[in-house]
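Subject: Structure handover

Hello,

Here is the structure for you to pick up. Please load it before reading on.

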Amino acid sequence: MHITPNVRRIAAVHDLSGVGRTSLMAVIPILSTMGFNVCPLPTAILSNHSQYPDFTFRDLTDEMPAIIDQWEKLGVQFSAIYTGYLGSPRQIKIVCDLIARFRTPDTLVVVDPVLGDNGRLYSKMTEEMVEQMRRLAAVADVLTPNLTEAFALLGRPYRAECSNDELKDLIQGLAAVGPDTVIITGAPVPGRAGLTSVIAQSKSDQRTWKVTCPYLPAHYPGTGDSFTSVITGSLLQGDSLPIALDRAAQFILQGIRATFGYRLDSREGVLLERVLPLLNLPNQASSYELV
Ligand code: PXL
């Protein structure tokens, strides 16, 4: 008798930034720890992420179609295709092509529309990137914008504090473009400076879930990448949407707590190495609510 390991592959389309624990340097350790075989399709190589004042940037757009062709030749299959930071508008067409060629009815397509944070676009992001990102969002099963990205994708002016009804309206605006599930991260809780939240809804369900967490006054790049990585792993493991939200929010909170007590340069991100083992523990705190 032959026993085959049930290895599930995830195509991970993100940049590789050497310093700062963003993108592939969060995606690979998290999803590997959760038991998946991550296959990176790097979009660019940076010395460090783009929230530092300067960085080197090698665009890999020209290499990507060759890698995709080779993957097709190898006959590899993916349980999920998960995209994040993209380095040029042309890459978005290439990624749409990857999805069209490798998607099966069982493939989970997760799009994290990495564009900006705190009301501003990242330094390499242009209006053309925002426009192209809308096209990619349209083919996602799961879309995970932060609040800044949600407003940018809808072409609406950014507002930091939104009521639950306003957040639901953003979710529905984004779902109308195509994705089944929209998760908005980093939504401040009006009047409660010490809290932050994530809110989500699936078209196929219509209930809206919210997880509220303590907010520590520090900004760590890469937490969005870590959040969506845990969501991807959790949904692939068969968790429900609110449990996936809980797991991801708890993991980010633990990462921030593990880091905040030190006097570190917050641009280096959270001490991911310290908290990875938590991914293999059962979900302890459950705090989701219906809103
Ligand atoms: O964490 C998102 C991200 C990914 N990749 C690069 C970035 C950022 C955020 O700053 O600069 C290169």
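Predicted model: local features only at pLDDT ≥ 70, side-chain atom pairs only at ≥ 80, totals over all residues.

Cores first. The largest nonpolar core has 47 residues. Trp 71, Phe 78, Leu 86, Leu 98, Phe 102, Leu 136 and Ile 184 have the most contacts inside it. Elements giving two or more residues to this core include strand E1 (9-13), helix H2 (64-74), helix H4 (127-137) and strand E11 (181-189). Helix H3 gives the most, with seven residues. A second, separate core has 39 residues, among them Leu 24, Met 34, Ala 249 and Val 275.

Now H3, residues 89-102. Its buried residues are Gln 91, Ile 92, Ile 94, Val 95, Cys 96, Leu 98, Ile 99 and Phe 102. They pack against E1, E5, H2, E6, E7 and H4. Take Leu 98: beyond its neighbours within four places in sequence, it is in contact with Val 13, Leu 41, Ile 68, Trp 71 and Ile 81. The helix length checks out too. At 1.5 Å a residue, the 14 residues of H3 should span 20 Å, and the end C-alpha atoms are 21 Å apart, which agrees.

Last, the pair H7 (223-236) and H8 (241-260). Their packing angle is about 145°, and the axes are 9 Å apart. The crossing of H7 past H8 is right-handed. On the H7 side, the contact residues include Phe 227, Val 230 and Ile 231; on the H8 side, they include Leu 245, Ala 248 and Ile 252. By class, this contact has 12 nonpolar, three polar and one charged residues.

Best wishes

Key:
Residues numbered from 1 in each chain as written. Heavy atoms only, no water. Axes fitted to C-alpha atoms, helices over the stretch in contact; angles between N-to-C directions. Helix = DSSP H or I, 4+ residues; strand = E, 2+ residues; numbered from the N terminus. Left-handed = near helix turned anticlockwise from the far one by under 90°. Contact = heavy atoms within 4.5 Å. Nonpolar A, V, L, I, M, F, W, Y, C, P; charged D, E, K, R; others polar. Core = buried A, V, L, I, M, F, W, Y, C linked by side-chain atoms within 4.5 Å. Buried < 20%, exposed > 50% of the residue type's maximum accessible area, 1.4 Å probe, protein only. Expected span 1.5 Å × (residues − 1).
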